[in-house]
Amino acid sequence: MANTSLVRPLFPGPVDIVGDVHGEFDALRDLLRLLGYREDGIHPEGRRLVFTGDLTDRGPDNIPVVNFVRTLVEADPPRAQVTLGNHDLNLVLGHKRAHNDWFFRESADQQLQVREFLRSLPIVLERSDLCVVHACWDREMIDMARSADDVVCFYEHHANRIRDENDRDPQLDDIGRRLNLQNRNPVKLLTSGPERRARAAFETGGKVRQEERVKWWTDYTDPVWCVFGHYAIPPDLQHFFSKAICVDFGGGYRGLERSAPGFTGKYTTRLGAARFPECTAIFEDGSSQGFGSAMSCRCE
Ligand SMILES: [Mn+2]
């Protein structure tokens with residue numbers, strides 16, 4: 001019987017964990033070629049692909065990326081695994097957001113196909129030496145997700161519970177209510193990370209925000225490798241010394257680079273993958289960087 005839990009076993013053996021693709025199919029193909037994968041997603045040395053989620057939005061090729069990854073995931077035996085990202089979750093829940101209007105212009109049948117696939121994805125993949133999640137590692141929330149198998153029901157259950165709790169607390173302001181909905185719902189926390197009250201309101205993406213993201217990985221001390229995406233951190237700003245590695249190197253923002261005046265065709269953002277057990281990050285332009293103790297790497 002297929003394992004349908006939201007927390008599933010990660011592939012054993014050597015894996016290449018690819019960060020948020022965001023519809024950038026050309027960059028993905030360049031990266032997979034560099035990693036030695038054939039067009040059908042098979043690696044001659046038996047390596048396998050894992051994606052941290054956020055397959056779509058921002059880039060030009062959303063449906064081609066989803067269809068390609070879906071073919072690999074549904075192959076027998078599977079050639080890829082994917083953890084659900086917050087952009088993927090928005091499509092599953094039918095939430096309209098900046099950058100996902102493309103989805104709502106697709107035919108009803110195409111929308112259903114994409115939704116069905118994304119709804120079938122786990123939130124966490126784990127094995128003894130290595131774990132993958134889109135945005136945040138949190139043991140308590142992950143344990144809550146183990147017994148759930150439908151992300152929509154699980155999300156709604158907790159969203160309703162938190163709304164009830166919020167309503168019973170007359171002291172709570174709007175920021176506190178929103179923070180509870182973000183931080184106490186396992187689906188929200190694991191797919192888009194913890195937030196806290198900002199010292200002062202600030203503007204990002206054209207919106208005024210009063211909650212800011214918490215850089216949880218700077219306090220990560222677990223001995224198990226945790227690979228995540230979501231945060232669009234360029235390689236030179238990464239904490240490559242920690243056991244928490246962000247493989248979203250900002251490649252989802254190359255649409256912005258393309259449309260900037262004076263764009264030369266050379267991107268500064270990167271699509272990348274973390275190779276295990278090698279502990280090397282490979283980027284779609286052919287560059288690479290060792291991480292962790294790539295000086296004395298101890299991944300199994
Ligand atoms: Mn994300």
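Is His-134 buried or exposed? His-134 is buried, at a relative accessible area of 0% (buried is under 20%, exposed over 50%, partly exposed in between, with a 1.4 Å probe and protein chains only). The model shown is predicted, so local features need pLDDT of at least 70 and side-chain atom pairs 80 or more, while totals for chains, interfaces and linings use all residues. Numbering starts from 1 along each chain as its sequence is written, and side-chain values use heavy atoms, with hydrogens and water left out.

**View 1. The manganese site.** Asp-54 (OD), Asn-86 (OD1), His-134 (NE2) and His-230 (ND1) coordinate the manganese ion at 2.1 to 2.2 Å. Donors here are N, O and S atoms within 2.8 Å of the metal (3.2 Å for Na, K and Ca), and water is not among the atoms, so sites may look incomplete. Along the chain, the donor spacing reads D-x31-N-x47-H-x95-H. Asp-54, in the loop between β3 (48-51) and α2, and His-134, in the loop between β6 (130-133) and α6 (139-146), sit 80 residues apart and link distant parts of the chain. Asp-54 is buried too, at 2% relative accessibility. Helices (H or I, at least four residues) and strands (E, at least two) are DSSP runs, numbered from the N terminus.

**View 2. Helix α1 against helix α2.** Helix α1 (residues 25-34) and helix α2 (residues 62-74) pack at about 35°, with axes 9 Å apart. The axes are lines fitted to C-alpha atoms over the stretch in contact, and angles run from 0 to 180 degrees between N-to-C directions. On the α1 side you'll find Phe-25, Leu-28 and Leu-32, meeting Pro-64, Val-65 and Phe-68 of α2 (contact means heavy atoms within 4.5 Å).

**View 3. Helix α5 and its buried face.** Gln-111, Val-114, Phe-117 and Leu-118 are buried in α5. Looking down the axis of α5, these buried residues fall within an arc of 135°, so they line one face of the helix; the arc is that of the directions from the helix axis to the C-beta atoms. Their cover includes α2, α3 (86-93) and α4 (101-105).

View 4. Most residues other than glycine have a negative phi, and most peptide bonds are trans. Asp-76 and Pro-77 are joined by a cis peptide bond, omega about 0°, and Pro-77 lies in the loop between α2 and β4 (80-82). His-22, not a glycine, has a positive phi of about 50° and is buried at 2% relative accessible area.
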